[in-house]
Structure formats: C-alpha cells, structure tokens
Amino acid sequence: MWFSSPPPTCVGWYKLLASFVPTGDERLLRVHAPPHHHSSYQVFINGGILLGYISNYAFSKMTLKLGWRMMLGIGAIPSVLLTVGVLAMPESPRWLVMRGRLGEATKVLNKTSDTKEEAQQRLADIKQAAGIPENCNDDIVQVTERNTGEGVWKELFLYPTPTVRHILIAALGIHFFQQASGVDAVVLYSPRIFEKAGITSDRNKLLATMAVGFVKTMFILVATFMLDRVGRRPLLLSSVGGMVLSLLTLAISLTIIDHSEKKLMWAVGLSITMVLSYVATFSIGAGPITWVYKLRNLSVEAAGTGCCCGGYGE
C-alpha cells in the first residue's frame, strides 16, 4: 500500500530534530520547572502527527496521482512556520553568557522567569558556571575561558562519579528500551497491521490510523498533567506493564486471524483495540517520562549534552 511505509529519510530527520527540541526546552525553562513543562512539547509533536493523519484521510478522496503528492507536499506548510518560529526564538541565556553577552541574556531570562528575583538568581548561577564575577553587570564582558563542553564530557563519560554513571546508564537504557519496545513499528506501520487484521479498504485503514494518532495525543496530554500528581515511577511501571500485555494480546489475536479460515470479527476488533491500548499505555509513561528523567536528574551543566546523547539510545 503506497501510504503505509514511511520514507526512511523523513523518519531520520524526525529522530534528529526530536533530540534537539528537549535541549532547547532545558536551556530556556527554569531549573526547577515542573516535570510537565519538560514533556509538554510531545503533546504538540503528536498533535502535528495527528493533523498529518487527518490531512492524509482528506487527500485520500482525491485521485491516486494527485493524492499522494498532496500528502507529501502539505508538510511544507508547518515546516515553513517552524522555520519562521525558530528565527524568532531567543538564544539560550547560557549560550549568551558563555559569549559575554550578559545584557541579551538578562532580557531572555526576564521573559522566561516568573519574577525579576528568579531571573537574577538564574543569571547568577550561569555566571558562576561561566567563571564571571557575580558583581559584573556590564552588557558585554570579556570571557577568558569559553565553555567548550570538555568539562561536561568528562563529567558524563571520562571521569563520571558513581552517581552520574548510574544516572547515565539509566537514561541511555530507558531510551533504548523505549524504542526496542516497538513503538515506531506499531505506529508507523499500523496500516499494515490493520490490513493483517482484516481491514482491506484504504479509507478504513486511514481512519484506523487516525484513531491511533488521536489516542496517542490524548494520552500524552493526560500524562503531562499526571506527572506532577502521580510521579514518574508509578506511571512508567504501569506504562511498561500495559505495553507488554497489549503486545502479547496483539500477537495472539493476529496469529489466530492468520490461522483461521474465516474472518473472525472478535479477533479483528481485539487486534485494533490492542494497537490503541499499546499506544495509550506507551503515551502515558514511556513516551514523555523518558526525556523528563534525564532533565530532572542530570546536573544543570550536563543536562543539555546528556539530553542529546539520550537520542543515541534510540
């Protein structure tokens, strides 16, 4: 089926950009921001994917020659909007301070802090890390030793303390097992799974795929507000348990359909339900918590580098 296999290049670019987005959040959000602030970006990412599913369904009513071109071409619109938005984004206050641009860093911190006192405290912490005297308040200062990241790499990989080593192993491991659970295979190839389950109409496959995107987005939204109340560990454990149960049931139902001589509607319904259950349980824990874990456990200096390195675990 022509729309069931995602282009490898698109998936690669998505993974690359998804590794940088949390880093930008970490640089602009205040240190002690609630966990749901660090995971809210996933709501918008999955909301955009859902809009893609909806547009695909709308364009599927066109002729084949025109429909697939519209499905691919419509993605240029949000890409242009993203480019314009990035051009309007402020630089990271930490990056500005490291280059001696204290005046610009102060303006950014004032916009991203609740109070002037909080902005001043954040600026003082960054100045201390950069080796700038706290009483230095000039707009432009000379930074003798720029932060090239060597200290962070030493802290994370070369000479890590037992605590940092434990956090790093856990952070990389949770990223690896998040992807090893098969979420990309289930989401990106859900039309083929639905075809295997007995849904033959292209339009019905697209409708089922829309349901996957809707459930994924809604449950990430739920998880975003539950992080502060329930906690990361209970959500992650319940998420993993639900994912295991959903995948086992999905495998059993597809096996029954494959070995049955007639179409079993209960098995078809069970397969669709388990796909939706899988993305729901993934989105309520393993999806958003993976990124929050690193940002909340690594030091302020190492969080940005550690966040990007976590993408390699995928």
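Which helices each supply at least two residues of the lining of the second largest pocket? They are α9 (162-180), α13 (232-258) and α14 (265-297). The model is predicted. This report takes the pocket, then three helix pairs.

**The pocket**

The second largest pocket holds about 410 Å³ of space. Its lining has 17 residues. Nearest its centre lie I174, F177, L236, L237 and V240. Among the helices, α13 gives the most to this lining, with 8 residues. By class, the lining has 12 nonpolar residues. A further 3 are polar and 2 are charged.

**Helix pairs**

Two packed helices are described by the angle between their axes and the distance between the axes. The table gives both values for each pair.

| Pair | Angle between axes | Distance between axes |
|---|---|---|
| α6 and α7 | about 135° | 9 Å |
| α11 and α12 | roughly 125° | within 9 Å |
| α11 and α13 | about 45° | 9 Å |

**α6 with α7**

Helix α6 covers residues 102-112, and helix α7 covers residues 116-130. They pack at about 135°, so α6 and α7 are oblique to each other. The crossing of α6 past α7 is right-handed. On the α6 side, the contact uses L102, T106, L109, N110 and T112. On the α7 side, it uses K116, A119, R122, L123 and K127.

**α11 with α12**

Helix α11 spans residues 190-197, and helix α12 spans residues 202-230. Their axes cross at roughly 125°. That angle makes α11 oblique to α12. This crossing is right-handed. From α11, the contact takes in S190, P191, F194 and E195. From α12 come K205, A208, T209 and V212. The α11 and α12 contact counts 4 nonpolar, 2 polar and 2 charged residues.

**α11 with α13**

Helix α11 also packs with α13, at an angle of about 45°. Angles under 35 degrees count as roughly parallel, and 65 to 115 as roughly perpendicular. Which residues of α11 meet α13? They are I193, K196 and A197. Their partners in α13 are L250, L254, I257 and D258. By class, the contact of α11 with α13 has 5 nonpolar and 2 charged residues, with no polar ones.

**Drawing it together**

Helix α13 has two parts in this account. It supplies 8 residues to the lining of the second largest pocket, and residues of α13 including L250 and L254 meet α11. Helix α11 in turn has contacts with α12, through residues such as F194, and with α13, through residues including I193.

Technical notes:
Residues are numbered from 1 along each chain as its sequence is written. This is a predicted model: local features need pLDDT of at least 70, side-chain atom pairs count only at pLDDT 80 or more; totals for chains, interfaces and linings use all residues. Side-chain values use heavy atoms; hydrogens and water are left out. On a 1 Å grid over the protein atoms alone, a cavity is a set of points where a 1.4 Å probe fits but cannot get out, and a pocket is an open set with protein on both sides within 12 Å along at least five of seven lines; lining residues have an atom within 4 Å of a point. Grid points are joined across faces, edges and corners, and a volume is the space filled by probe spheres set on the points. Helices (H or I, at least four residues) and strands (E, at least two) are DSSP runs, numbered from the N terminus. Ala, Val, Leu, Ile, Met, Phe, Trp, Tyr, Cys and Pro count as nonpolar, Asp, Glu, Lys and Arg as charged, and the others, Gly among them, as polar. Axes are lines fitted to C-alpha atoms, for helices over the stretch in contact, and angles run from 0 to 180 degrees between N-to-C directions. Angles under 35 degrees count as roughly parallel, over 145 as roughly antiparallel, 65 to 115 as roughly perpendicular and the rest as oblique. A crossing is left-handed if the near helix is turned anticlockwise from the far one by less than a right angle, and right-handed if clockwise. Contact means heavy atoms within 4.5 Å.
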